[in-house]
Amino acid sequence: MSTTTTRGVASPAPAKVSKDRPRRGLRASSTFNFWLFTGPFLIGLIVFVFVPIGWSLYLSFFEARFTVTPSEFVGLENYRMILSDTDFRNSLVTFTVFAAFIVPTTWAMSLGLALLVNRLRFMRAFFRSVFFLPTAVSYAAAALIWKMSIFNGVRFGLANTVIGWFGVENIAWLGNPDPPWYWLVIVTVRLWLQSGFYMILFLAALQNIPRELYEAAAIDGAKPGWQTFRYITLPQLRATSTAVILLLLIAAYQAFDEFFILLGKATWGMPPLVELYKMALGENQNYGAGSAGALVLTALICLVTLFQGKIMGFGRGEESQ
Amino acid sequence: MTTTAPDLDKTPAKPAKARRVGGVMGNAGLYLATGVAAVLFLIPFYLIVRNAFMTDPEITGEEWKWFPSTIQWGNITEPFDDVTVDFARSMWNSLVVAVLHTVGILLICSLAGYGLARIPYKHANKVFYAVLATLMVPTAVTFVPSFVLVSSLGWVDSYRGLIIPGLFSGFTCFLFRQYFLGFPKELEEAARVDGLSYWGAYWRVVVPNSLNFFAAIATITFIAGWNAFLWPLVIGQDPSAWTVQVALSSYATNQTVNYHLIFMATAISILPLVFVFLFLQRWLVQGIAQTGIKG
Amino acid sequence: MSAMRNVNWDRRTVLRAAMGMAAAGGLAACGGNTGRSSGSGDSLVQYFHAYGEAGTEQAIKRYAKAYKDANITTQWITGNNFEQKLFAALLTKNAPDVFEFHPQIQLIKSGQVADLTDIIEPVKSDFNQADITSHTVDGKIYGVRMIDDPQFFFYRPSVFEKAKIEVPQTLEELIEAADKLTTSKVKGAFLGNDITTVQNPLIWSAGADTLTADNKPAFNTDAVAEGLTQLRGLFTSGNLLLDSPTDWWDPSAFTQGLTAIQWCGMWAMPAMIEALGDDIGVFPFPKVGSAGKQSVTNGGWSMFVNAKSENLEAAKAYVKWLWIDQKKYQEDWALSYGFHIPPRTSIAQSATKLKTGLPAEGVKLFNEFGHFDNIGWTQAMIAAVNDVMANSVRKNADPKAQLATAEKKVDAELKKLFG
């Protein structure tokens, strides 16, 4: 994850073999200690994560409707079905559009807020708190506020009240997909909830930039403002940016709550998790196809993450070691 | 460790010259921009409070009102008087769940993160990759099997069912590992020379010197625990096992919508987190500043 | 840092530490399992979706308490989450023994609901025969109807009079009326936020049906496509209430004056009468095209018994006691909160509350224009037509192509169910 330190994501624990001297038998052996420390976590991980994953894998090869203990083996039929399902394919497109927009926007907004707050001399803690506070609100609660009080389609919604001052008719923000105002609703909710947290990450990173760099730049004649930002701040934030983008990407993949609550029975703007949820727990109760789709999605996430790592220098710290 | 944490409240590391160039105008612009952004960020909070203290006819009336004509203080107790949803109980459940969730995760994931980062073992790599892989798996994959598993353990409607399956967070373990990789080796080595075992060194040297980071993770974990929705929704079948998020959704999806009640309940559900934030924010920021999150 | 109990841990210390951790992880002590004890045979769980009318939950619990032969726990599950929770729970040991739902054949084909013929047979003739038909598969009856809920349009006669509008007989007239009634503050009509609630009436009013008698798709007709095009026109006209904070089943949009006409159900009548007095009228979904006939959705809720319940007999006995024998409770349930039509003829005949005024009009529409549930029309098929509504009314997709797509999906579903 880093380019400036040696803590690469994928870098294994440095093998300090020399220290692993067999003193005092079992209880001092590092193998024993390794399992002592990681054991409870790994047991839980196996029971509550790997067993369900395996179960899903199993289900994906069976005709499993209304049951999770199926008996009819269907081979790759579920995979064939899910890959030919237009709703599922559309949801992948939706996600791609969504991620391509929300990831850079959140990145820019949280960086912008961090730069603003970082320059403040008075009331800095106050403003930092204001931007950070939405992190405390759940997606469920935020979606509720957005749906019922800001972007409802009637006269007592805030958005419609405001545009009403300018003589604009009430807009059905969520009901009418043309023009697609629903993206405005979904994007604002997410920006509001997420920006503050990533702002804190950037703020911390900004504070870690050595002051000497700016001084040196000033001596070299760099103008404060855009030039120092472009040639000093931004490169220095590279590690944080990479991490933030990775986290945002994972968050975008896992998008569920606000789409689920805001869009209801729409056929558009559905990310993959909502489609899969509808398939498995919704009207179809088709756990086989749902599992197959989820595993396809997992494979895609792995691919994208690896790809992002390639272009963003993910794990480069490892190479520099 | 604490001494190396950047102080985020100190004036920014900018050359004095740069500060002068902007001058008064630049400062005014800066505060204006920040102020506008802050107002936008506060609007949803304002709406929650406004609606919480209004009557329904006022909220749904033809003319927009910025403030309630009379503040309905009586609305505060209404969620607690409601007979269909035991709101107080759901707040309590959320508190128990969020606290135990946080304590459990800190304990289990920090140990594992330390083990992966610092204890030499020839297969540590493989174990770490297995943990990393779970980060890629969306919750939908495991949701139904997890539910069936937990229910066959008889954990539906119990704190166990609400808490335990969420304790094994690959992501938190990963964060701890990243953090411990950067933990100064000298401190541990000194402890080892003093004859402490891994276990002893961990509790006596590593943990006490990492409290900022633990606080940061605790805050994030507490928020996640408090705000979790889908899992508690399905696990909490009996209203006595509902968390506050589930109770909130029950107001929202009820067949008759009661605006002021929904928003008052929302306000009350957010309040504890706001307090947690105001108290822990400083540690959170410092903790993050030294984490593996930033690299 | 060096002294005390640091260096040599004996095995017992290590064990104790490990067990401490296991206990912390287990949190077993604070488990507080509120689940029922299984196997006692006299403890039952029932699932209800959350009815909106005040007093309904207390009523259901009161009935349950009056039952002496078993200990009944009621799960009162809020609206949007009911199906998800029910379906998830039915997969597990914690499934309800008794639950309410709509008659849908996949519940029977997948063995999720029990045959209730023996408890219904003796009183079969006292039930609305359409309700018996809609719960019967291959001669067996699988659920007990609790309430019938006709759904139709509500309007205010005084408002119609002022705007010089007659009650719409055709979809064109409805669209015209909506246009005349729309002002800057009030929209002409409300068909629910996603419009899907009128999908069945649209099909029926166009002279088509969801399925034929021998379970073939029957909704893909030119008249239905024409109706969809007309609805699309209404949707884009600006005369339709969209994104209301409350949905069609809640009378709020109508009573708060957000819309002049609203599609809603009989249950909302008491709340509407309280808000608007007797200035309320009802009319069925108007004719679509020349061959159509006005229609009303006769929805409702039925009681089912989980076929996999460990207490199958006790569950059946409870359902028989409450929903067959206890006519007083059945009447209370249908008439004391929201208004519903009792499926038992004997109760319906003595229901004085439904004999006059607005409720009587509702009953008339129910009898004259009502279409009951078709047990072969399942959740997956409903979802397929939901997509048609979303794509061709809210989005601008070609209705014929959409109907053809839905027909294909429904066909696939039918093949799975009937072979």
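A residue counts as buried if 20 or more other C-beta atoms lie within 10 Å of its own, as exposed if 12 or fewer do, and as partly exposed in between, the C-beta atoms being placed from the backbone. The model is predicted, so that local features need pLDDT of at least 70 and side-chain atom pairs count only at pLDDT 80 or more, while totals for chains, interfaces and linings use all residues. Residues are numbered from 1 along each chain as its sequence is written, and chains are lettered from A and ligands numbered from 1 in the order in which they are written.

**Exercise 1.** Locate A:M123 and decide whether this residue is buried, partly exposed or exposed.

Solution. Begin with the backbone: A:M123 has a positive phi of about 55 degrees, although this residue is not a glycine. Next, place A:M123 in the chain, where it sits in the loop between α3 (86-119) and α4 (124-132) of chain A; helices here are DSSP runs of H or I with at least four residues, strands are E runs of at least two, and both are numbered from the N terminus. Finally, apply the count: 15 other C-beta atoms lie within 10 Å of A:M123, and therefore the residue is partly exposed.

**Exercise 2.** Determine how the buried residues of helix α2 in chain C are arranged around its axis.

Solution. First list the buried residues of α2 (residues 56-66) of chain C, which are C:T56, C:I60 and C:Y63. Seen down the axis of α2(C), these buried residues fall within an arc of 60 degrees, taken over the directions from the helix axis to the C-beta atoms, so they line one face of the helix. Then turn to the face pointing away from the buried side, which carries the exposed residues C:Q58, C:R62, C:K65 and C:A66. Last, the cover over the buried residues of α2(C) includes β1 (43-49), β2 (71-77), α13 (312-325) and α14 (327-335) of chain C.

Definitions and conventions:
Two residues are in contact if their C-beta atoms, placed from the backbone, lie within 7 Å.
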